[in-house]
Amino acid sequence: MKHDKDGHPLIQRYTANERSNHWITAIAFILLALSGLAMFHPATAWMAALFGGGQWTRILHPFFGIVMFVSFAFLAIRMWGHNRFDEGDKQWLKQMDDVLANREDKLPKVGKYNAGQKLLFFTLIVAMIALLLSGIVIWREYFSAFFPIGLRRFSSLIHAFFAFVIIMAIIVHIYAGLWIKGSIGAMVRGTVTYGWARKHHPKWFEAVMKGNEKRGL
C-alpha cells in the first residue's frame, strides 16, 4: 500500500483501464493531427515523411481517425456520469477571475471534474462526431462517390474547422494538466494524494471519504 507524505493512503482517481483508454486516444490524436496537418498545407507537407510519404499518409489518416473515435467513445461512456453540469458549475464559471487567480477556496466545491473540464468534455464529443461524419463523406477510397460534390466540399470545410477546434481544445487540456500540478501524474499512475483531492476536487474527495467512490491504494 502506497502513502503520501502525511501517511495517508493514496486515492485512486483512474483505473488501469481508464488510463489505457485515455492514452490510446491521446496517441491516436497525435498521429491524426500530424497526418492531417501534412495534408492540409504545403508548409506542413514535410510531416508526411513521418508516415512513409504522401500516399501512406492519405491511407492511414482515416484509420487513425476511426481508432481515436472508438477509443474516445469508450472513454466518454466511462466519464459521462461525472461530467453532467449542476448549479455549482454555473457559479464556478461566473467566478472565472477566482479560477485564473487560483483562489480555489472561494469557488463552489468541485466534484471529480470542474466546469472547465466538463465544457472541454462536451466540446470534444461534438468535435469527434463532426469529424467522423465529415471524414466519411470525404473518404475517397470508400465513401466519397456516394455523395454529391457540394456536400463533399462543405464536409471538407467542416472537417478542417473541427480539426482546428479539437487541436485547440487539446492544447488547452494539456496546459491545464501542466498548470494543476499532479493532474498528469494522476493519469500516469492513477492515484492522487489526500491534499491534491481535497484542494482541487473537494466534493469528489468527500464522496471518496464517505465510501461512495473507490478509495484505491
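Helix 1 (residues 16–40) has 25 residues, which at 1.5 Å a residue should span 36 Å, and its end C-alpha atoms are 36 Å apart, in agreement. The expected span is 1.5 Å times one less than the number of residues; helices are DSSP runs (H or I, at least four residues), numbered from the N terminus. The model is predicted, so local features need pLDDT of at least 70 and side-chain atom pairs pLDDT 80 or more, while totals for chains, interfaces and linings use all residues. Residues are numbered from 1 along each chain, and side-chain values use heavy atoms, without hydrogens and water.

**Burial around helix 1**
- Among the buried residues of helix 1 are N21, T25 and F29, where buried means under 20% relative accessible area, exposed over 50% and partly exposed in between (1.4 Å probe, protein chains only).
- The cover over these buried residues includes helix 2, helix 6 (149–179) and helix 7 (183–189).
- S71 is found in helix 2 and counts as buried at 7% relative accessibility.
- Apart from neighbours within four places in sequence, S71 is in contact (heavy atoms within 4.5 Å) with N21, I24 and T25.

**Aromatic pairs**
- There are 12 aromatic pairs, counted when ring centres of Phe, Tyr or Trp (its six-membered ring) lie within 6.5 Å; planes under 30 degrees apart are stacked, over 60 edge-to-face and the rest tilted.
- The F51 and F64 rings have centres 5.8 Å apart and planes at 55°, so this pair is tilted.
- Both F51 and F64 are buried.
- The W139 and F143 rings have centres 5.6 Å apart and planes at 65°, so this pair is edge-to-face.

Terms used: Helix = DSSP H or I, 4+ residues; strand = E, 2+ residues; numbered from the N terminus.
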